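Welcome, and take a moment to turn the model around before reading on. The report below walks through some of its features.

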Amino acid sequence: QIFSHAGYVLGPVVIGAVLDLSCIMWDYSCDTRGGCWAYETKNMGRYIFAMLIVGSAISIVCFGISWWKFAPEMDRGDDDDGKDTSKAEKEEKQELKPLPDYPDMTTI
């Protein structure tokens with residue numbers, strides 16, 4: 001839960017910092033910096049794109065680590081009873097059951 005709350009706080013802070021980087025005209029009153037009056041749109045687009053790329057890269061790395069760490073083995077060769085069997089033996093154990101006879105639906 002702490003990570004989700006951190007996302008609610010850190011997201012706007014990071015976006016605000018990115019927007020502040022592209023500001024070209026600040027409002028000053030009493031030697032205190034206020035809000036931005038004008039942004040350089042080329043830089044703003046580049047900064048937001050870079051933020052997107054960095055966030056996507058972090059997401060891909062985290063997904064790869066979690067998939068590598070927590071994904072189950074696809075085919076270990078173990079049955080439920082714990083005996084090691086090959087794939088061909090497993091296929092032999094599976095018998096095809098005939099489908100039940102259903103009434104002809106065209107006569108209804």
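Predicted model: local features only at pLDDT ≥ 70, side-chain atom pairs only at ≥ 80, totals over all residues.

Residues are numbered from 1 along each chain as its sequence is written, and side-chain values use heavy atoms, with hydrogens and water left out.

**The overall layout**

The chain has three helices and two strands, and along the sequence they follow the pattern α-β-β-α-α. Helices (H or I, at least four residues) and strands (E, at least two) are DSSP runs, numbered from the N terminus. Of the 108 residues of the chain, 6% count as buried. Buried means under 20% relative accessible area, exposed means over 50%, and partly exposed is in between (1.4 Å probe, protein chains only).

V13 is exposed, because its relative accessible area is 52%. I15 also lies in helix α1, and its relative accessible area of 43% makes I15 partly exposed.

Is S22 buried or exposed? At 1% relative accessibility, S22 counts as buried. S22 lies in the loop between α1 and β1 (23-29). A polar atom of the S22 side chain is 3.0 Å from the backbone oxygen of L19.

**The strands and their loop**

I24 is in strand β1 and is exposed, with a relative accessible area of 55%. In the loop between β1 and β2 (32-39) you will find C30, and D31 is in the loop between β1 and β2 as well. C30 has a positive phi of about 55° although it is not a glycine. D31 likewise has a positive phi, near 60°, in a residue other than glycine. C30 counts as exposed because its relative accessibility is 77%, and D31 is exposed at 80%.

What sits over the ring of W26? The charged end of R33 does, 3.8 Å from the ring centre. A charge sits over a ring if NZ of Lys or CZ of Arg is within 6 Å of the ring centre and within 35 degrees of the ring normal.

N43 belongs to helix α2 (residues 41-70) and is partly exposed, at 21% relative accessibility. The side chains of N43 and E40 are joined by a polar contact of 3.2 Å. Such a contact is a pair of N or O atoms within 3.5 Å; within protein, one must be able to donate a hydrogen and the other to accept it, and residues adjacent in sequence count only if both atoms are side-chain atoms.

| Pair | Apart along the chain | C-alpha to C-alpha |
|---|---|---|
| N43 and V18 | 25 residues | 9.6 Å |
| I15 and Y47 | 32 residues | 9.6 Å |
| I24 and C36 | 12 residues | 7.7 Å |
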